[in-house]
Amino acid sequence: MRPAPSPHDGQLARKPGEGKPRPGPQAERTTAMRSITVSLPVRNLRVSEGFFTELGFTFTPELSGPDTACMRIDTNISIVLTDAERYRDRVNDDADCRGSRGEALLCLSADSPRDVDEIVMKAVIAGGRPWPVVDDRPGHSGSFLDPDGHLWQVTCPPERARHETAATAAIAA
């Protein structure tokens, strides 16, 4: 039998005398994100849009504008490519728009090692640069820099990588 929910579930709780909040007992279960949108500054919106179109991504015109292109990753995940000047205005800062190698690693999942390699190959053909994989976790991954220097990693989980390797071995036998 599960305990009755507390009125503090999902809220930050404090013990008497504590200055810092700590997660409530069921914060992990009750905090649900509805969507995530990442904005990336780009030097040339049309070049970036063409690059990601070559990788197979689609754009949502009704969420795009003259200085932005909304790229749909999944149902509730989007990347908004934003003209660098507009991006600086949006964040109210003289942001360095030379890529995110040092500030973010954008990770995508793939269904198989073959899909990982195909996406990285398409990225390089479309004008990206290959990037060495530093990930030592199990599975299969590949990395590339997009035309604006943002670092992307494409990964295939270990269970899918093992399955494809076993299937390939069975076919070859």
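Mentor: We begin with the term contact, which means heavy atoms within 4.5 Å. Please note that this is a predicted model.

Trainee: Which residues does Met-71 touch, not counting residues up to four places away in sequence?

Mentor: With those sequence neighbours left out, Met-71 touches Phe-52, Phe-57, Thr-58, Phe-59, Ile-77, Ser-78, Ile-79 and Trp-152.

Trainee: Is Ser-78 buried or exposed?

Mentor: Buried means under 20% relative accessible area. Ser-78 counts as buried because its relative accessibility is 5%. Ser-78 has its place in strand β6. Leaving out residues up to four places away in sequence, its partners include Ile-36, Thr-37 and Val-38, as well as Cys-70 and Met-71.

Trainee: How many residues has the largest nonpolar core?

Mentor: The largest nonpolar core has 22 residues, and Met-71 is among those with the most contacts inside it, together with Phe-52, Leu-55, Leu-81, Phe-144 and Trp-152. Elements that give two or more residues to this core include β3 (36–42), α2 (45–54), β6 (77–83) and β10 (151–156).

Trainee: Which element gives the most to the lining of the largest pocket?

Mentor: That element is α4, with three residues. β5 (68–74) and β7 (105–109) each supply at least two. The lining comprises seven nonpolar, one polar and four charged residues, and among the lining residues are Leu-55, Phe-57, Asp-74 and Lys-122.

Conventions: Residues numbered from 1 in each chain as written. Predicted model: local features only at pLDDT ≥ 70, side-chain atom pairs only at ≥ 80, totals over all residues. Heavy atoms only, no water. 1 Å grid on protein atoms, 1.4 Å probe; cavity = no way out; pocket = protein on both sides within 12 Å on 5 of 7 lines; lining within 4 Å. Helix = DSSP H or I, 4+ residues; strand = E, 2+ residues; numbered from the N terminus. Nonpolar A, V, L, I, M, F, W, Y, C, P; charged D, E, K, R; others polar. Core = buried A, V, L, I, M, F, W, Y, C linked by side-chain atoms within 4.5 Å. Buried < 20%, exposed > 50% of the residue type's maximum accessible area, 1.4 Å probe, protein only.
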